[in-house]
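These are my notebook entries on one structure. I looked up selected helices, residues and peptide bonds in turn.

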Amino acid sequence: MKFKITEKIKSIIKRDGKVMMTTTRGDVPLVIEKGDGDFIYDVSGNKFIDFSSLIAVYNFGINANKEVREAVKKQADVLMHAAFTDFYSEIPVSFAENLLTMFPKGFGKVFFSNSGTEANEAAIKYSKLFTKRQYLIGFYNSFHGRTHGSLSITSSKLVQREHFGPFNSTVHVPYAYCYRCPFGKEYPSCGLECVDYIKKNALGKEVPPKEVAAIFIEPVQGEGGYIVPPKDFIKEIRNIADDNGIILVSDEVQAGYMRTGKFLAMDNFGVTADIYTMAKSMGGGLPIGATITRSSLGDVPEGAHSNTYGGNLAAVAAANAQLRYLKKNLSSIEMQATEKGRIVLDRLNKMKDKYEIIGDVRGLGFMIGIEFVKDKKSKEPAPKERDEVVVEAFNNGLVMLPCGASTLRIIPPITISIKNLEEGLDILETSISNADRNQKRRS
Ligand SMILES: Cc1ncc(COP(=O)(O)O)c(C=O)c1O
């Protein structure tokens, strides 16, 4: 379906521009009214296949889970807020108990917040408190949020950090971004030079390991460009943490909650972290974040960390209904993420052979990125071409989100039908083919 812009759309966007502070919107005039499963509808009845899960939130279909909706409605009539951090309530406790069943043995404490960044703020404070150390290690291209602590670890785009320093004491180190290896090497003959660099430089010259509280890592980098590291990279990072008494924090805000085919993205690497952070898809559409810690790390003193809305009853009721759905359908969701991810990767790899502007295609489960370049040889990032693809796809009825310098993320709801997935891929391929032709004409 071709997108038609209407006066209503124009007018809402104009009113928005007058009163809303600028955030992170791109070039598509998508004014959303409703969603159902694989589709998003705008205020003028334009219908779109969704390849974004509305920023990795609706992993199981856009507003599709009836049990989640019913749970929220029911809870809204009883009580939505119980000041759970100051008093007691059973619903958040039940959800925490339920959530912990999804974690490896030995994970026993949960802190609820309202977003991914807050989940990471708690992880930063806990790591410092548990170790009595002050430094953090973060990776280039990482994204952990936009509040000050998590922004300190974030190192994805300059605009996210410009004018906001000075930051929390963080040392940034290279991630295994093999398509653009910072050392100009190739995996596996590189022998993971990026890991050696961390040991020799960051921990050998810049900060004494005994002063490092935590290493924060996304098992698959998200906002920074959908970067999938080799398995042994993550294993080596675990080893560095173990060798130096450093807490390993796995930020699963985007990659977790079945996106990669597993509840914890870290499980794809055969590694267990010490603290996990989650948000996005956990609430099934309502805001909730969680910081989940290994019991052996201990507890925090009363008053050291808390919030107002953590454990909000409506959000927790939604999250518990979402988790019950997940557990009931676990093997089907695992299979769908793996199978549909494979379908997308196969198709994209064929496109990569055909179109000069596709530099790299990569993914884990159903978390897939396409990196656009001016040409395959120079690998020069092609943000303009990537943005053209997003806009043209949108005009033809497909919603997608960019990430990194010139990458496009493909994260449809895991439950998307094969028919809609393939229709979306057809729209995507037409847009890529046109952007490829335009780029050839320009160069
Ligand atoms: C990996 C990761 N961590 C943290 C965040 C921050 O989450 P929120 O926007 O809910 O604060 C995001 C958001 O995109 C993310 O992708």
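**Entry 1: two helices in contact**

I looked up which residues bring α3 and α10 together: Glu67, Val68, Ala71, Val72, Gln75 and Ala76 in α3 meet Leu313, Ala314, Ala317, Ala318, Asn320, Ala321, Gln322, Arg324 and Tyr325 in α10. Sorted by class, this contact has 10 nonpolar, 3 polar and 2 charged residues. I note that the model is a predicted one.

I then examined the geometry of the pair. Helix α3 covers residues 66-78 and helix α10 covers residues 313-328; their axes come within 8 Å and cross at roughly 155°. Angles over 145 degrees count as roughly antiparallel, and α3 and α10 are therefore roughly antiparallel to each other. I recorded the crossing of α3 and α10 as right-handed.

**Entry 2: the two sides of α4**

Which residues of α4 are buried? In this helix, residues 90-100, I found Ile91, Pro92, Phe95 and Leu99 to be buried. Viewed down the axis of α4, these buried residues fall within an arc of 95°, so they line one face of the helix. The face turned away from the buried side carries the exposed residues Glu90 and Glu97. I also looked up the packing partners: the buried residues of α4 pack against β4 (107-113), β10 (289-294) and α10.

**Entry 3: Asp50**

I located Asp50 in strand β3, residues 47-50. Is Asp50 buried or exposed? Asp50 has 23 other C-beta atoms within 10 Å, and the cut-off for a buried residue is 20 or more, so Asp50 is buried. Leaving aside residues up to four places away in sequence, I listed what Asp50 touches: Asp38, Phe39, Ile40, Ile62, Val399, Pro412 and Pro413.

**Entry 4: backbone exceptions**

Most residues other than glycine have a negative phi, and most peptide bonds are trans. I therefore looked up exceptions to both patterns.

A cis peptide bond joins Gly165 and Pro166, with omega about 0°. Pro166 is in the loop between α7 (158-161) and β6 (170-173). Another cis peptide bond joins Tyr187 and Pro188, with omega about 5°; Pro188 is in the loop between β6 and α8 (193-206).

Ile55 is not a glycine, yet its phi is positive, about 65°. I found Ile55 in helix α2, residues 53-56. Ile55 counts as partly exposed, with 15 C-beta neighbours inside 10 Å. Lys379 also has a positive phi, near 60°, and lies in the loop between β12 (367-372) and α12 (383-395). With 14 other C-beta atoms within 10 Å, Lys379 is partly exposed.

Conventions. Residues numbered from 1 in each chain as written. Predicted model: local features only at pLDDT ≥ 70, side-chain atom pairs only at ≥ 80, totals over all residues. Axes fitted to C-alpha atoms, helices over the stretch in contact; angles between N-to-C directions. Helix = DSSP H or I, 4+ residues; strand = E, 2+ residues; numbered from the N terminus. Parallel < 35°, antiparallel > 145°, perpendicular 65-115°, else oblique. Left-handed = near helix turned anticlockwise from the far one by under 90°. Contact = placed C-beta atoms within 7 Å. Nonpolar A, V, L, I, M, F, W, Y, C, P; charged D, E, K, R; others polar. Buried ≥ 20, exposed ≤ 12 C-beta atoms within 10 Å, placed from the backbone. Arc of directions from axis to C-beta.
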